[in-house]
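I opened my notebook to get to know a new structure. Here is the model I looked at.

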Amino acid sequence: MNTTRNSWMMIIVLVAAPVVLSAEDDATVSPHIVKAVDDFKRAHTRTHITRENGIVRSISGRSFSHGRTSGESVDRFLTRHATMFGVDRQELRTKNITTIMNGKFALHRFEQVHSGLPVHKAQASLLVRMTTADHPLVLANATTKPLPRQLPQPVLTLAAAQQIARNDEPIIKAFDDATMVVYAENGVVTPAWRFWAEDPSPSAHARWGYVIDAVTGNILEKRNGIVHADITGTVEGFGTPGFKPDQPDNPPAALPLYGARVFRDDGTFTFVEEDGSYILPYDSDEPTVVKVNLEGEWCDVRNSSDQTVDLASQQGVFPPDNEINFLLNPFGVPLNIAQVNAMVHTTMVHDYVTGIIPSLTPLNISIPTFVNIANTCNASYSLGSPRMNFFAAEPGPQPACPNTAYSSVVYHEYGHFVIDSAQGFNAAGDYHEGIADAISTLFVNDPCLGDEFRGVDTGCLRNVDEPDFVFPVGSGSVHIDGLAIAGSFWDLRTELIDALGDEAGLALARELLFNQVLVGPAFLGPNVTITVLTLDDNDDDIFNGTPHYPQIQRAFERHGMPGPVLALLDFAFPEGLPETASPLVGSSIKLDITNGPAGTTLAADSAVAHFVAPDGTPLNDQPLDEIDLLENGVRFSVDLPLGACYEQYRWFITAETESGEMVSFPSNAPTALFRSIVATNAEVRLSDGFDEDLGWSVETLVAEDPFEPGIDLSDGGWERANPDPVFNPADDNALSQPGNDFGGFSELTYVTAATAGDITTPGAFDVDWGPTILTSPPLQFDGGDATISYARWFYNDDGDDTLTVELSSDGGENWVTVETVTGTTGWVQAQHRLSDYVTGSGEVWIRFWTEDAPNNSITEACIDEFELIDLVCAPADADGDQDVDLLDFSGFQNCFDGSDALPEGCDIFDFDNNDRLTLRDFAELRHVIDSTD
């Protein structure tokens, strides 16, 4: 007897997938981007994705591409997945490829281009680990933007754009080279001119960056190009030693003029070494003149005071006496001290930085360094055009503000140069200040920044070691907000010194700091921590720890920027989650549990699978059978329960470490669970975690109340947001509103007003009056069996309000109630078959509504992870081999026991749907088998 694989081929499908999604913000994105992200997440379940406006901004965790070279690894990833960044592959143009951390990584940087123009602030950085032959891609950061095919034609000339800038700032005297870019911000997409403009005179101290619409002439962006710092000081004498400004307890001393130029008029030159020595080539017996000035190798000191001249000197050399020594500023003139300090400390910090990141070649210039500027109490760096500016001291014998050209102030301003060279326009203001603080303090190995910049005995301007500023600081000052990241890197230095010793710990902290600046992101938040962990990692998976994970995590968590929670045990499906399973034969899944980092080991006989009904009721627990020993763990078998067609259940795994910690998989189970559906076919028609705007609508109605008529839900309506946690002190501090979405991450959900206000005042933004109604976009229902599922949260402290769920199949004219919820504890996952509520096929709508009328309760609701799944379950492939044959007949024999009850899983043979097996079902099975070829 032959069998066929056509219309009667039966496929019993078991769908099991994590319900955890990654972060993104409010946006509407095209379906092909949504699909690209979904496809990637299904293929790379152990990566972490963050999104903004629906576009992927970072990918981290376990490696997600490989190749014979780093370029092949990157190109494979972009060819397959560039759509997640909102761009086509050809829109990403290679900017540079840099090796970092002594060749451990290759950093591939791309800029987005559109219509031949670079896109403003749009780039991608991909980090490949180079220490293994498969070149794993371990981190991707992107600021790319989806753009329309056609752009408006530019009509504005560069000269006209520059005149617009002059009209805006009349003191502008000079422009840098301009670039035409595509500007795509704040709903505007247009070609635009981008350039820096300034009054270059030191006394003016003015510089701006402009982006001007090349179509309308509107100023799209204007930024101040002067980065100020609060680090100030005074200098007196030859130069000031140590880290204090010139003051009585820090008298001047002769300092080696490290980096100064030594030259002859014939063009021969050299630069002074760190110890003050130099060798100037000369092969003649004739006398000559040797000169020295402060146009150094890495610093070009420019004196801005008319009370003194640029420091320089010259002496004659008379062979054979070819040794000549110079002493500049022998009388310790204060305005000349500033020149000496600027040269010495700029050269020192340049060598320090480039010794760690030699690939940052933009630093290898003689940066213009203006000193003795006729201003006080500050210093600055000019963004986009490297230039440092240091102010003169206040007049008087005991100035409140010293001359700011001294040690840590110079290091801080040079730190801005480092960030500007690595990240340009992309760096945020608080990141700029905090990282510049970190560069200075890790260089001097002292947390005190700007020591006594206010004057004698005034102490530090900022101490990055105290107090512990926590992100987001929200002070309104970028200098104070930046202390969250400066403090993180200082604490990292302390942690690493404790673990590795003084020299090795400090060296690694510096290496991680500078390479994070190079890789990005250049804004504060946990993504900085993820980059640091990725740089420290040695096995392509930061979720199983990195060599110095505890130190990094403690340092950044202390300042509100924790990295991902470390897996005490590592879980993986070596053969993936099953695509097919039979309700009679069941399905067995291989699960590997391996030991975690830092010596965390799996306890014997502790792995258990927990199965849960759709309503949350526990079904059964299954201790897992060991089937193989692995090098670092155990391979188990997870036997999914036998089930009837359309049956759904959820499940998760727990295991213990030998030290007694309980570990779950998924990590936030039982909030998030794996889902299993038994069917011959299961197609997810819609999966909406509300991280994207897929067309849900909110309606707020007015409640009629005789005492307070017309009160509406101005503060308590549905909104798509990341909710704030709210506790109810009157209910034993019960959590009335969750602090995260259903998956447990800081992602979006629909919530009845996300704001907490005072988090211990639960009535501030809860539902008042109403109702407020959340309605889905039209959902296509093709009849047959389909389910809707969602996670819901509903809190009501007195039991008189409800969350009502309704369906409509006539465009909202009539609604049928699916469930009425009176109050729950925490998140609950609900599932319903559409055919129980609507008939036929076509479009259906679902809505969730609640109210607090009269307004006498604490009422909060959330909805997340909505799914519509089409199901098909037809006879009779009992063994799941996609053939209906005599092997399936054996399954029928096992089910046909003569009883009136239908055994578990045997409904696939119940052809006449009478809930029992009869000879009529036997005859139909024979007909199906006989009709196959």
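My entries go from the whole chain to a few single residues.

**Ground rules.** I am working with a predicted model, where local features need pLDDT of at least 70, side-chain atom pairs count only at pLDDT 80 or more, and totals for chains, interfaces and linings use all residues. Residues are numbered from 1 along each chain as its sequence is written, and side-chain values use heavy atoms, with hydrogens and water left out.

**Whole chain.** I found 13 helices and 46 strands; these are DSSP runs numbered from the N terminus (helices: H or I, at least four residues; strands: E, at least two). Of the 933 residues, 56% are buried, where buried means under 20% relative accessible area, exposed over 50%, and partly exposed in between (1.4 Å probe, protein chains only).

**Cis peptide bonds.** I noted one between Gly520 and Pro521, with omega about 5 degrees. Pro521 sits in the loop between helix 9 (502-519) and helix 10 (526-536). Another joins Phe665 and Pro666, with omega about 0 degrees; Pro666 lies in the loop between strand 31 (662-665) and strand 32 (674-679).

**Positive phi.** I reminded myself that most residues other than glycine have a negative phi, and most peptide bonds are trans. Asn329, not a glycine, has a positive phi of about 55 degrees. I located Asn329 in the loop between strand 18 (312-317) and helix 4 (334-356). Asn329 counts as buried because its relative accessibility is 4%. Asn372 also has a positive phi, about 60 degrees, but belongs to strand 19 (residues 367-373). With 2% relative accessibility, Asn372 counts as buried.
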